[in-house]
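Trainee: I would like to learn how to read a model of this kind with some care. Could you take me through it feature by feature, giving the general idea before the particular case?

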Amino acid sequence: MPSVTSFRSTLSRAVPGALAGLLAAFTALAVAELVAGLVRPAAGPVTVVGGAVIDRTPAPVKDFAIRQFGQNDKTVLQLGILAVLALIAIALGLIALRYRRLGAAGVLLFGIVGAAAALSRPDSTGIGDVLPSIVGALAGAATLYILTSRAPRPAAEGEAGGWSRRGFLTAAGVTAVAATSAGALGRYLSGRQGEGAIASRENLVLPAPASPAPAVPAGARLKTPGISPFTTPNRDFYRVDTALTVPKVDAGTWRLRIHGKGVARPVTYTLDELLGRPLIERDITLTCVSNEVGGPYVGNARWLGVPLRDLLREAGVRPPSGGGTADQLVARSVDGMTLGSPVEDVMDGRDAMLAVGMNGEPLPFDHGFPVRMLVPGLFGYVSACKWIESLELTTFDTYDPYWVKRKWARRAPIKTQARIDTPKPFARPAAGTVTVAGVAWAQHRGIDRVEIRVDDGPWRDTDLAAQDTLDTWRQWSYRWQPTSGGHTLTVRATDGTGQVQTEQRARTIPDGASGWHSVFVTVP
Ligand SMILES: Nc1nc2c(c(=O)[nH]1)N[C@H]1C(S)=C(S)[C@@H](COP(=O)(O)O)O[C@H]1N2
Ligand SMILES: [Mo]
């Protein structure tokens, strides 16, 4: 049986080892942040590894993460990466107590993994991306080597030349302070690179639209407590993207290139050139393909932008129905994301646009500043490119954009959906009249009817709010006189073409969820 003293001596060896490992990892990350701050702000080690993990996450797992953690999925991912790193760091520290070179080599190996992750990101630009990980790993390996070579050991092992316990703690403290300073400086430098972009957004004055949005009919906004407001405020608008650091693009240096198959005149626009064109303002509801039945990834805003059809026409592009050879328009963002839309849809007369304004202000950074694309009627992943930098005309046969490579559908028109906003699932509304209310959407087809069913009863028409446009969602409400007990409320919509929303349940993958939304409530 091990004695208390031998346990103590094991511990007094292990603790400095573990501490050395953690400090080595911390130093590596901090130095990498510093180098990233100097050469490439978006290439911080946690960001590139996280991004590489996102790129490789199989669609069902990603769907699960979005469902479980919602908008926090990225924080959870980063904390997860840090936790795994910490465990590995402790292990490497313990190994290094005995095999110093092996421990240090382990840290270097992580630098190589980080570098490979950085190179594999779609926005990789080469050597600048690998420097942070490599330099960081070298600093981390050196830290581990030095700290463990001089770590205090129990007298019995008799290795001379080590620090006293106090000496070791001092060295550890100095390392921690130095690394923290390096990391903070790196963050500061990265932040400063975004300042030009922030100033360019603050100074941007949006021109008035040549074609303002039609006034929202008075009856389009219901006041029912608990219903989604007709216009989603920017701060509440859902955000779905793969960006671990939100791109901060300077409006002054931003450019958009239009090129590719059948483009007679490739062009490059500055933001001022776009703003100098006649702008349209439209209410458009945007929906994510990852939205579950009843889910939150849908929002409605007033967008200001340049009609995309005109830009394409001027570049000499014709839609396939007009004899054009390209049927896919691939939008690429500054962070390397690619999204492909049917050229036919973009040019068929709907209000496809390059948006610069959202609810009266320049696009927020989270939503694509300075310019994003929108095509009413298509899910976001096949149309709504944020931080856009180029538009390439190509074909569906020859090019698969980011999500299509990951098994999502090539073409994805929005599916008709109705959602009950109030009462909430498992609510216990007071007896008497209960107002059931929510929203329904079928962008570019419009909503003609929303019906509600209590338990297995008959379908009943709800009161529809006025329709704003075919491209926006529509609110509805229903005054319900319930009997006491548990009830299931189910809703379904009919779109403007007369199609009743299908009851058939489908998962979000590959082209959007379907089925009826229902909530269970208990009435006293
Ligand atoms: N650059 C870039 N644009 C993007 C994405 C992205 O990951 N990167 N995600 C798309 C998806 S899946 C959706 S649903 C919409 C969401 O736009 P929002 O975040 O402004 O609501 O943006 C689209 N545009
Ligand atoms: Mo999406």
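Trainee: How many helices and strands does the secondary structure of the chain come to?

Mentor: Helices (H or I, at least four residues) and strands (E, at least two) are DSSP runs, numbered from the N terminus, and by that reading the chain has 12 helices and 18 strands. This is a predicted model, in which local features need pLDDT of at least 70 and side-chain atom pairs count only at pLDDT 80 or more, while totals for chains, interfaces and linings use all residues. Residues are numbered from 1 along each chain as its sequence is written, chains are lettered from A and ligands numbered from 1 in the order in which they are written, and side-chain values use heavy atoms, with hydrogens and water left out.

Trainee: What does the C-alpha trace span along its principal axes, and what share of the residues counts as buried?

Mentor: The trace spans about 85 × 70 × 40 Å. Buried means under 20% relative accessible area, exposed over 50%, and partly exposed in between, with a 1.4 Å probe and protein chains only; of the 524 residues of the chain, 52% count as buried. With contact meaning heavy atoms within 4.5 Å, 75% of the contacts between residues at least 6 apart in sequence join residues at least 24 apart.

Trainee: In what order do the strands of the open sheet lie?

Mentor: Two strands pair if DSSP finds at least two bridges between them, and here four strands form an open sheet in the order β11-β12-β16-β15, with antiparallel pairing. Its edge strands, each pairing on one side only, are β11 (417–422) and β15 (463–464). Within the sheet, strand β12 (residues 434–441) is joined to strand β16 (residues 474–480) by seven bridges, and Thr-435 has Arg-479 in β16 as its bridge partner.

Trainee: How should I read the salt bridges, and what does their count come to?

Mentor: Side chains of opposite charge can pair when their charged atoms come close. The criterion is a side-chain nitrogen of Lys or Arg within 4 Å of a carboxyl oxygen of Asp or Glu, and by this rule the count comes to 16. One of them joins the side chains of Glu-361 and Arg-201, at 2.7 Å from N to O. Glu-361 lies in strand β8 (residues 361–362) and Arg-201 in helix α8 (residues 195–202), so this pair ties together parts that are 160 residues apart in sequence. Glu-361 is partly exposed at 33% relative accessibility, whereas Arg-201 is buried at 18%.

Trainee: Are Asp-241 and Lys-386, which form another salt bridge, buried or exposed?

Mentor: Asp-241 and Lys-386 have their closest N and O atoms 2.8 Å apart. Because Asp-241 lies in the loop between α8 and β1 (255–260) and Lys-386 in the loop between β9 (372–374) and β10 (388–394), the pair ties together parts 145 residues apart in sequence. Asp-241 is buried, and so is Lys-386.

Trainee: Where do Asp-400 and Arg-410 lie?

Mentor: Asp-400 forms a salt bridge with Arg-410, the closest N and O atoms being 2.9 Å apart. Asp-400 lies in the loop between β10 and α12 (402–405) and Arg-410 in the loop between α12 and β11, so the pair ties together parts that are 10 residues apart in sequence. Asp-400 is partly exposed, with a relative accessible area of 24%, and Arg-410 is partly exposed as well, at 40%.

Trainee: Which residues are linked in a network of salt bridges?

Mentor: That network links Arg-449, Glu-451, Asp-461 and Arg-492.
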